[in-house]
Amino acid sequence: MAASRLPPSALTLKQFLRRQQVLQLYRKILRAIREVPAEADRQYLKDWAREEFRRNKGATEEDAIRMMITQGNMQLQELQRTLKLAKS
């Protein structure tokens, strides 16, 4: 059988899909933050989101990553609810 052409550091399919979930969550959070009316609050939230994702960048344990994605989605929903209430 021929040797694999993939580099040894290539992601597995599961890792690739999980990475896509994380990136999608990050983009959604940044889009929601754009709707925050006060510039200072917007900057604070952007810095907070970037730091959280940067701090957990090296996580490799599947259960921990899944838990962080779930927690991030809950925080995103809370932000979206708060923004919706502020507009009404």
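## Helix 1 and helix 3

Helix 1 and helix 3 run roughly parallel to each other, because the angle between their axes, roughly 20 degrees, falls under the limit of 35 degrees. The model described here is predicted. Two packed helices are described by the angle between their axes and the distance between the axes. In this model, helix 1 spans residues 13-33 and helix 3 spans residues 62-87, and their axes come within 10 Å. The crossing of the two helices is left-handed.

## Residues at the contact

Which residues in helix 1 meet helix 3? They are Lys14, Arg18, Gln21, Val22, Leu25, Lys28, Ile29, Ala32 and Ile33. On the side of helix 3, the partners are Glu62, Ile65, Arg66, Ile69, Gly72, Asn73, Leu76, Leu79, Gln80 and Leu83. Sorted by class, this contact contains 10 nonpolar, 4 polar and 5 charged residues.

## The largest pocket

The largest pocket holds about 900 Å³ of space. Its lining is made up of 30 residues, and those nearest its centre are Val22, Phe53, Asn56, Lys57 and Ile65. Of these, Val22 of helix 1 and Ile65 of helix 3 also take part in the contact between those helices.

Which helix gives the most to the lining of the largest pocket? Helix 1 does, with 9 residues. Helix 1, helix 2 (39-55) and helix 3 each supply at least two residues of this lining. By class, the lining consists of 14 nonpolar, 8 polar and 8 charged residues.

How values were computed. Residues are numbered from 1 along each chain as its sequence is written. This is a predicted model: local features need pLDDT of at least 70, side-chain atom pairs count only at pLDDT 80 or more; totals for chains, interfaces and linings use all residues. Side-chain values use heavy atoms; hydrogens and water are left out. Axes are lines fitted to C-alpha atoms, for helices over the stretch in contact, and angles run from 0 to 180 degrees between N-to-C directions. Helices (H or I, at least four residues) and strands (E, at least two) are DSSP runs, numbered from the N terminus. Angles under 35 degrees count as roughly parallel, over 145 as roughly antiparallel, 65 to 115 as roughly perpendicular and the rest as oblique. A crossing is left-handed if the near helix is turned anticlockwise from the far one by less than a right angle, and right-handed if clockwise. Contact means heavy atoms within 4.5 Å. Ala, Val, Leu, Ile, Met, Phe, Trp, Tyr, Cys and Pro count as nonpolar, Asp, Glu, Lys and Arg as charged, and the others, Gly among them, as polar. On a 1 Å grid over the protein atoms alone, a cavity is a set of points where a 1.4 Å probe fits but cannot get out, and a pocket is an open set with protein on both sides within 12 Å along at least five of seven lines; lining residues have an atom within 4 Å of a point. Grid points are joined across faces, edges and corners, and a volume is the space filled by probe spheres set on the points.
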